[in-house]
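Me: I have a protein model open and want to learn how to read it. Can we go through it feature by feature?

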Amino acid sequence: MAGKDGKVTPQRTQVALVIGAGAPNATLMAGALCLFCERGVAFDIVFTSGAGGLLGLLYMAPKGKTPVEALQDTINFGVSDLIYNLFPFGYKTFFKAGPFTELFMRWGQYIPRFQLHFSERHHNARQRLYNDWIDWWVTALTPTSLHHRSAGLTTRPPFIDDLIDFTALRNAPGEFYMNAFSLTDKTMVRFDKEVITKEHFYATMAFPFIYPPYEMNGQFYIEGGIIDPLNFANLPHPGTIKTVVVFDVLKNYLLRRPRNIWDAYQISIVTPIVSLADKALQDFEDSTRQDRSIFYTINLHRISTKREDMDFDIPEEQYPYLLEWSYSNLLRLWEIGYRAGERFYEQYGQDLPHR
């Protein structure tokens, strides 16, 4: 490309962000991503898979909030610990199957609640208990149509329009992609920001058994993350990319001995995903090793000719609780992710593009 002086300047290589699948580690990734937002990092391309799609949308086009505020609010998916200890289920994230779910949830929004701010996260346990107690009763009163012939346990998230501005997404800087698997054509499909609506979001989040397959334009879709949890297959030729930052599925932390039957069920869900992610990461590293001029950054890890790990630094005593949807767990993960983002930025920030 020629400049005003007639000299040819090389085109800047792009920096890509890959947000992998895995709802249990969502706030961990949200914390690190929030740090990038605060530092003004602007990725050229964002590839997402599974639950990583929601984080990518909150980063690209949050509704009525800044990306920092939206990523901070992910901790509100957590349930007050006093309730969670008696009823260990993420009812603020997974909703009863049935035609009246959204109606009851909307009705519940009219009940007065405390407005909780992220800056007061350590000082509002009573207010959070009150808010979550209301949500618990609304959930309990919501009728369900679940039966033995149902295709999934829960219904799709009813409030995605309240979180994401899909119109603004089309005008957001940079490229954005989500993946889904078509059960009709037996192929992986990638949606870009020019076409993504809430329908595409539902298609990319339809995790088997938890959500039923989602029908869109005559085709049935399930979550792409169960087949390609890192969405590496859609990366452009590495000659156009110098840096790749990947929020990977946490193999070393999530695979462990279960504490109880519910914990064992959750581990059974994440086990194939973390195994696929580990293989995808290794395949990606192998495929790019031949090009010694390309520099890669992986999951707070750096890959060039060798891989140098920089872990999220999760305390070992917290490993057994990583799959919990309690508020304290989601908050701890968010803060661990934020600190990891700080360390990462201090070391590699000069290689990332800024606004």
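**Reading the model, one feature at a time**

Reply: Start with the inside. The largest nonpolar core has 81 residues, and Phe36, Phe43, Phe201, Phe247 and Leu352 touch the most other members. Keep in mind that this is a predicted model.

Me: Which helix gives the most to this core?

Reply: Helix H12, residues 327–348. It supplies 11 residues.

Me: What is the general idea behind such a core?

Reply: In soluble globular proteins, nonpolar side chains tend to be buried together. Here there is also a second, separate core of 14 residues. Among its members are Ala16, Ile45, Tyr177 and Phe232.

Me: Now the rings. How many aromatic pairs does the structure hold?

Reply: A pair of aromatic rings is described by the distance of the centres and the angle of the planes. This structure holds 26 aromatic pairs. Take Phe87 and Tyr91. Their centres are 6.1 Å apart, with 45 degrees between the planes. That pair is tilted.

Me: Why is the pair of Trp136 and Trp137 edge-to-face?

Reply: Look at the angle. The planes of Trp136 and Trp137 stand at 85 degrees, so the pair is edge-to-face. An angle over 60 degrees counts that way. The ring centres of Trp136 and Trp137 are 5.1 Å apart. Trp136 is partly exposed, with a relative accessible area of 21%. Trp137 is also partly exposed, at 42%.

Me: What sits over the ring of Tyr177?

Reply: The charged end of Arg190, 4.2 Å from the ring centre. Tyr177 is also a member of the second core. For another case, find Tyr202. Arg156 lies over its face, 5.0 Å from the ring centre.

Me: Next, cysteines. How many disulfides are there?

Reply: The count is 0. To judge a pair, check the distance between the sulfur atoms. A disulfide needs them within 2.5 Å. For Cys34, the closest cysteine sulfur is in Cys37, 6.1 Å away, so it is too far for a bond.

Me: Are Cys34 and Cys37 buried or exposed?

Reply: Cys34 is buried, with a relative accessible area of 0%. Cys37 counts as buried too, at 9%.

Me: Let me try a single residue. Where does Asp313 lie?

Reply: Asp313 is in the loop between strand E12 (307–308) and H12. Asp313 is exposed, at 54% relative accessible area.

Me: What does Asp313 contact beyond its neighbours within four places in sequence?

Reply: Tyr253, Ile336 and Arg343. Asp313 and Arg339 are 26 residues apart along the chain, yet their C-alpha atoms are separated by 9.0 Å.

Me: One more. Where is Arg126?

Reply: In helix H6, residues 125–141. Arg126 is exposed, with a relative accessible area of 76%. From Arg126 to Phe114 is 12 residues in sequence and 9.8 Å in space, C-alpha to C-alpha.

Terms used:
Residues are numbered from 1 along each chain as its sequence is written. This is a predicted model: local features need pLDDT of at least 70, side-chain atom pairs count only at pLDDT 80 or more; totals for chains, interfaces and linings use all residues. Side-chain values use heavy atoms; hydrogens and water are left out. Rings of Phe, Tyr and Trp (its six-membered ring) pair if their centres lie within 6.5 Å; planes under 30 degrees apart count as stacked, over 60 as edge-to-face and the rest as tilted. Buried means under 20% relative accessible area, exposed over 50%, partly exposed in between (1.4 Å probe, protein chains only). A charge sits over a ring if NZ of Lys or CZ of Arg is within 6 Å of the ring centre and within 35 degrees of the ring normal. A nonpolar core is a set of buried Ala, Val, Leu, Ile, Met, Phe, Trp, Tyr and Cys residues joined through side-chain atoms within 4.5 Å. Helices (H or I, at least four residues) and strands (E, at least two) are DSSP runs, numbered from the N terminus. Contact means heavy atoms within 4.5 Å.
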